[in-house]
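Student: I have a structure to go through before the group meeting. Can we work from the chains to the contact between them?

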Amino acid sequence: MRSTAHAFRGNVTGALSDANLQDSLSKLKKGFSERRRQAAERLPEFEALRDAARDIKNHSLANLDFYLETFEAKVVALGGHVHWAPTAEDARRIIGELCREAGARTVAKSKSMVAEEIALNDHLEALGIAPIETDLGEYIIQLRGEPPSHIIAPAVHLTKDQVADTFLAHHGKLGYDKRLTERNDLVAEARAVLRQKFIDADVGITGANFLIAETGSSILVTNEGNADLSNTLPRTHIVLASIEKVIPTLEDLGVLLRVLARSATGQESSAYTTLNTGPRRADDLDGPEAYHVVILDNGRSQVLGTEMQEMLRCIRCGACMNHCPVYGAIGGHAYGWVYPGPIGAVLNPQLIGLEEAGDLPNASTFCGRCESVCPVRIPLPGLMRHWREREFERHLKPSAMRQGLALWRFVAERPRLYRALTGLANRVLALFGRAEGAYSALPLAGGWTAARDLPAPQPGGTFHAQWARGRRR
Amino acid sequence: MSARGQMLDAIRRSLKRGPLTGPARDAAEARLAAPVRGPVPKRADLDHAGQVALFCQWAETNNASVARVGAGEVPAEIAGWLKRNNLPARAAMAPSAELDRYDWASQKLLELRRGIAVPDDQVAITGAFAAIAETGTLVMASGPGHPVTLNLLPETHVVVLREQDIVGGYETVWERLRAAYGRGAMPRTVNTITGPSRTGDIEQTIELGAHGPRRMHIVVVRP
């Protein structure tokens with residue numbers, strides 16, 4: 001997908017004034033994050049499992065070449081094929097060729113963020129192959145020509161009414177000409193339409209939540225069962241996975257599955273977790289005859305061995321965005337590229353460049369909720385801070401901001417001066433509008449007050465002054 | 001250089017080493033040969049009767065229905081359940097030796113076809129390789145006795161699960177898979193299934209029957 005991350009500020013303004021989006025986002029807190037809290041509380045071992053999950057991913061990354069080679073040997077021994085793709089372009093080309101060799105006209109696709117990352121659908125369409133997204137949320141946004149706004153709930157920005165309008169507009173020609181109002185009717189209509197697509201598809205393309213070195217298995221986690229139909233009915237199954245998905249053993253998978261579903265949706269377990277190992281066997285009655293795994297790097301290997309390596313532990317559960325006050329206010333599209341929320345603010349600058357996505361790691365209050373819920377304990381605010389430092393080092397910030405920061409630093413390093421100036425500012429601001437409790441406009445701060453009020457200083461002086469007087473509440 | 005060599009090289013350069021050798025390689029190989037268990041939830045650390053009860057409880061929480069019967073009652077239970085739910089007395093059934101043990105001929109009205117599921121099938125009947133008490137999860141292993149399409153295509157899935165196949169957690173399932181297929185080997189597809197298919201993609205509200213079965217009935221068979 002084409003990035004609009006550089007236009008983040010404009011995207012945010014649009015998102016804040018989008019009534020449908022704000023309505024959808026208001027449901028996030030009661031939905032995912034509350035259910036995650038309950039699931040974590042039900043399992044006394046949850047925190048210990050998070051530690052173990054972090055350690056498994058760290059171990060896998062430290063031995064990544066070894067486990068990838070082990071995985072490959074297993075797949076090849078079973079008659080499957082492994083393809084190595086250093087770049088997004090390589091992955092697109094490989095998958096396009098495999099689809100052509102299979103004589104594919106339509107492809108059943110199971111939602112894959114890596115496929116979004118490499119813009120696979122555009123490439124397949126250019127080759128005259130129709131990719132059909134089969135995850136309900138991903139199908140809805142494909143019909144609407146939109147990118148996903150969340151990594152596990154791609155249509156979370158839409159209301160039921162918007163979905164109803166979309167279906168009426170696209171399913172009418174298939175004979176479904178009634179506008180539906182109930183959720184279960186919408187789901188049933190999509191099921192009926194997509195069932196035929198599954199049957200017609202020549203190739204199934206899925207992502208992978210994990211790859212298991214011990215057995216050469218690729219793992220798919222879904223609630224709908226769409227990945228399973230995609231990897232069972234078509235003659236060819238292509239798995240697209242990035243290098244950091246590989247883990248050593250089935251036991252490691254058990255640990256990661258126990259934190260994944262609970263962190264993502266608050267379920268004890270997703271409805272379907274499927275382990276696919278090679279093509280169908282000689283005595284199998286169904287399943288694909290050809291099995292390909294495309295392993296993508298796309299800049300990830302450059303992060304290994306650096307202070308940013310921890311981002312590669314991510315298992316794409318979405319908990320960080322479900323708990324992020326910034327994501328909760330602006331939704332996923334405003335981030336402008338494939339991965340939204342805190343993990344997007346960390347991944348996107350790596351994958352598409354700091355010049356393009358530099359605003360994203362700045363869109364954080366560092367409240368720390370993302371890190372506190374991350375199942376593999378990625379220090380997301382710390383990684384965002386790294387990007388801010390690099391941005392500063394590389395002089396990507398406007399000079400006014402650089403000078404402002406330099407002035408701030410000068411004052412902050414001199415406590416007496418700092419206290420004198422903040423005390424003075426406090427008294428001056430108080431003259432203007434303590435009675436109202438907040439300012440709706442201030443000289444030189446129009447950018448801040450355009451979309452919110454600045455609280456007025458309250459009686460008692462600065463925090464430092466109150467602390468010194470012992471009001472340590 | 002091949003794309004493969006290029007990628008492995010890039011990984012090794014970043015990790016500041018060549019191919020994994022010496023003690024580090026020995027340690028990784030040992031980890032593959034003798035997998036390390038993580039923290040296993042105590043929830044399912046029960047005697048077998050407790051595990052069976054826990055499985056049934058979670059399966060129902062996951063929107064499946066459960067019946068516990070003796071081996072002689074399995075066909076009657078299934079025929080009765082289909083009738084009570086106004087479902088057709090016609091099913092695609094897995095061609096497994098395990099299901100041959102039951103006296104299907106006793107149910108004259110139950111029409112069974114053995115083999116894969118086709119799009120028109122309304123009901124599937126299968127066995128299960130194992131089941132996990134910790135979360136109420138079924139484990140299906142593909143093979144000549146268990147086509148994968150039976151788990152997915154029909155709107156109704158009836159699963160015949162032997163009590164002795166219910167275990168505590170994933171770890172015992174992995175051991176049983178290794179015992180059945182060999183170390184490091186797997187059937188083409190292992191489906192672990194926790195209740196009927198569902199989606200929360202419209203306004204985060206769960207609806208059942210997204211792509212896979214809309215309803216699931218688990219018949220737990222006493223030994």
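Student: How are the domains of chain B assigned?
Tutor: This is a predicted model. The C-alpha centres of the two domains in chain B lie 40 Å apart. The assignment gives domain 1 as 1-36 and domain 2 as 44-221.

Student: In what order do the 6 strands of the open sheet in chain A run?
Tutor: Their pairing is parallel. The order is 1-10-7-4-2-3.

Student: Why is one side of strand 1 and of strand 3 of chain A left without a neighbour in the sheet?
Tutor: Strand 1 (81-85) and strand 3 (130-133) of chain A each have a single partner strand. From one strand to the next, the twist averages 25°.

Student: Which residue is the bridge partner of A:Val107 in strand 3 of chain A?
Tutor: Strand 2 (residues 106-109) of chain A pairs with strand 3 of chain A in the parallel sense, over 4 bridges. The partner of A:Val107 is A:Pro131.

Student: Which helix gives the largest share of the side of chain A that touches chain B?
Tutor: The contact takes 77 residues from chain A and 64 residues from chain B. By class, the chain A side has 30 nonpolar, 27 polar and 20 charged residues. The largest share, 8 residues, comes from helix 11 (residues 183-200) of chain A.

Student: Which residue stands opposite A:Thr273 in strand 9 of chain B?
Tutor: Strand 9 (residues 272-276) of chain A and strand 9 (residues 189-193) of chain B run antiparallel, joined by 5 bridges. Opposite A:Thr273 stands B:Thr192.

Technical notes
Residues numbered from 1 in each chain as written. Chains lettered and ligands numbered in written order. Predicted model: local features only at pLDDT ≥ 70, side-chain atom pairs only at ≥ 80, totals over all residues. Domains from an automatic or database assignment. Pairing = 2+ DSSP bridges. Helix = DSSP H or I, 4+ residues; strand = E, 2+ residues; numbered from the N terminus. Axes fitted to C-alpha atoms, helices over the stretch in contact; angles between N-to-C directions. Contact = placed C-beta atoms within 7 Å. Nonpolar A, V, L, I, M, F, W, Y, C, P; charged D, E, K, R; others polar.
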